[in-house]
Amino acid sequence: MNKSVTATPIPGRHAHTTLTAVTRRLARPARWLAIAAIATVLAATATGTISAHAVATATRPSLAAQPGSADAMTAAAALPLKGKIVGIDPGHNGRNHDYPGYLAQQVWNGREWEDCDTTGTQTDGAHTYTEALFNFRVASYLKADLLKDGAKVVMTRPNNKGRGPCVNKRAFILNHAHANVAVDIHADGAYCGGCRGFALLEPVADGPNDRVIRSSRTFGSDIKAAMLALKRMPVSNYDGTKGISYRDDLAGLNLTKVPKILIEFGNMKNAADVKLLTSPTFQQQIARVLLNAIVKFLK
Ligand SMILES: [Zn+2]
């Protein structure tokens, strides 16, 4: 059970409704609103029906409190990412396959020329599930979670219905946004018997990314620990060493000026992995894994 996963119906919705009614009746002073809200949250927490969003919403009246006051500290705890910018790059795009010429254009990745992008991989069989869709779904769940925790979110593409942008431009978008941290979301497509599991692709110093190598590795450790704690997808048994692969051939890692990790969340050619990767529940769980790693990293 992951009670804080954002799904419909939203677990904290009832607490939110109750809170609104309570705060309307009290109206003034604002401090009473905060106290009533926190009491509602505590009651809901005791019954296990609260979500992080409800906590954040419930404690919002205290945001007007004096800095350093108990109310202000409560608000900071409710919105752990307030003032932070998080970049999300959902790899590929849903219609890349319609634009082979666009994908083939050459872009400089910091070390060499490479294709603008690829179509990404997909599951085999009659009901194909594309990597581009998987990436976008996880990104969307993550974005929603981040917003609820107070972050500003920058995505490299707004939907799964277009093409591109090219891999170098994705890095530039996140650099220009001055993201405090960023994730590139992918799934792998290796054909090899029994190959499965998640892998972290980490940058190698090459000039532009020199200042974020160490921080990216710290962030990678946070993600790996959170993935292992989830106990659903095993660490990769073929990509890198113990699921960590240092890559100097990817624009997203070579050109980054913000701490960044590319995650291959599983292998879309492995039946056991496919079962997880195509599950909305698992997608929401790994979005939550990323959220927890981001909160820990930015603390
Ligand atoms: Zn990919």
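Helices (H or I, at least four residues) and strands (E, at least two) are DSSP runs, numbered from the N terminus. By that count the protein has 11 helices and 8 strands. This is a predicted model, where local features need pLDDT of at least 70, side-chain atom pairs count only at pLDDT 80 or more, and totals for chains, interfaces and linings use all residues. Residues are numbered from 1 along each chain as its sequence is written.

Q: How do you know that β1 and β5 pair?
A: Two strands pair if DSSP finds at least two bridges between them. Strand β1 (residues 85–90) and strand β5 (residues 181–188) share 5 bridges, in the parallel sense, so they qualify. Within that pairing, Gly87 sits opposite Ala182 of β5.

Q: What makes β4 and β7 edge strands?
A: The open sheet of 6 strands runs β4-β1-β5-β8-β6-β7, with mixed pairing. β4 (152–155) and β7 (244–247) each have a single partner strand, so one side of each lacks a neighbour in the sheet.

Q: How do you know that α11 packs on the sheet?
A: Contact means that two C-beta atoms, placed from the backbone, lie within 7 Å. Helix α11 (residues 280–298) touches β1, β5 and β8 (260–267).

Q: What is Ile223 in contact with, leaving aside neighbours within four places in sequence?
A: Ile223 is in contact with Leu200, Ile261, Ile263, Val289, Leu290 and Ala293.

Notes:
Axes fitted to C-alpha atoms, helices over the stretch in contact; angles between N-to-C directions.
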